[in-house]
Amino acid sequence: MTETQQTINNVIAKMIAYSDGNKHDIAHFLKVYTYARMIGEMENLTERKQEILEIAAVIHDIACPVCRVKYGNTNGSNQEKESPELVENFLKDVEIDDEMKERINYLVSHHHTYTNVDGLDYRILLEADFLVNADESEMSENAVETARERVFETNTGKKLLTSIYKLPAR
Ligand SMILES: [Fe+2]
């Protein structure tokens with residue numbers, strides 16, 4: 001196992017513990033992580049961007065438990081408010097450099113913002129989360145097709161969306 005894989009496995013184990021027995025949350029982030037890892041690899045991200053993406057995917061919904069208690073919902077704007085401090089604390093003992101931590105924090109804190117997507121790591125996190133959320137929220141075929149045009153940019157992400165949701169080819 002490489003050092004990077006070990007770091008990511010540690011983050012996954014820590015996030016499972018953080019989820020405190022919420023099996024839906026655990027299954028959700030594992031699905032998002034798997035798609036993000038796959039898309040990142042197939043889109044040839046640099047090793048550094050790939051690691052950032054994978055860690056961000058594992059912890060992207062870190063604010064959800066707090067938001068449920070504090071606001072009674074997990075609205076994106078509340079998550080964006082609560083995320084930065086939670087991510088900072090969570091990453092404190094994770095062995096990656098500060099610049100990586102900062103980027104991961106930015107991605108997690110903005111994963112409900114679909115404008116000013118300033119990098120492939122950000123784009124792929126949005127795509128991976130959408131691939132999972134469309135199913136979990138039973139989105140209509142029409143909405144999924146619209147997202148294929150408006151949200152998805154990578155070929156790998158578009159292919160996965162088309163395949164999972166059996167969309168007509170364009
Ligand atoms: Fe999510």
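Tutor: The account below begins with the metal site and then turns to the surrounding parts.

The model is predicted, so local features need pLDDT of at least 70 and side-chain atom pairs count only at pLDDT 80 or more, whereas totals for chains, interfaces and linings use all residues. Residues are numbered from 1 along each chain as its sequence is written, and side-chain values use heavy atoms, with hydrogens and water left out.

The iron ion has as its protein donors His28 (NE2), His60 (NE2), Asp61 (OD) and Asp129 (OD), at 2.2 to 2.4 Å. Donors are N, O and S atoms within 2.8 Å of the metal (3.2 Å for Na, K and Ca); water is not among the atoms, so sites may look incomplete. Along the chain, the donors of the iron ion are spaced as H-x31-H-D-x67-D. His28 belongs to helix α2 (residues 23–42) and Asp129 to helix α7 (residues 120–136), so this pair ties together parts that are 101 residues apart in sequence. Helices (H or I, at least four residues) and strands (E, at least two) are DSSP runs, numbered from the N terminus.

The arrangement is irregular because the four donor atoms subtend angles of 82 to 171° around the iron ion. Four donors count as tetrahedral if all angles lie between 85 and 135 degrees; four count as square planar and six as octahedral if opposite donors are over 155 degrees apart and all others between 65 and 115; anything else is irregular.

His28 is buried, at 5% relative accessibility, and Asp129 is buried at 5% as well. Buried means under 20% relative accessible area, exposed over 50%, and partly exposed in between (1.4 Å probe, protein chains only).

Asn133 is also placed in helix α7. Its relative accessibility of 27% makes Asn133 partly exposed. Leaving aside neighbours within four places in sequence, Asn133 is in contact with His28 and Glu138, where contact means heavy atoms within 4.5 Å. Asn133 and Lys31 lie 102 residues apart in sequence, yet their C-alpha atoms are 9.9 Å apart in space.

The loop between α1 and α2 contains Ser19, which is buried at 7% relative accessibility. Not counting residues up to four places away in sequence, Ser19 touches Asp25, Ile26 and Phe29. Asp20 is found in the loop between α1 and α2, and this residue is exposed at 69%. Most residues other than glycine have a negative phi. Asp20, however, is not a glycine and has a positive phi of about 55°. Asn44, in the loop between α2 and α3, likewise has a positive phi, near 60°, and is exposed with a relative accessible area of 68%.

Elsewhere, Arg103 is found in helix α6 (residues 98–109). Arg103 is buried, with a relative accessible area of 16%. Its contacts, not counting residues up to four places away in sequence, are Ile52, Asp118, Gly119, Asp121 and Tyr122.
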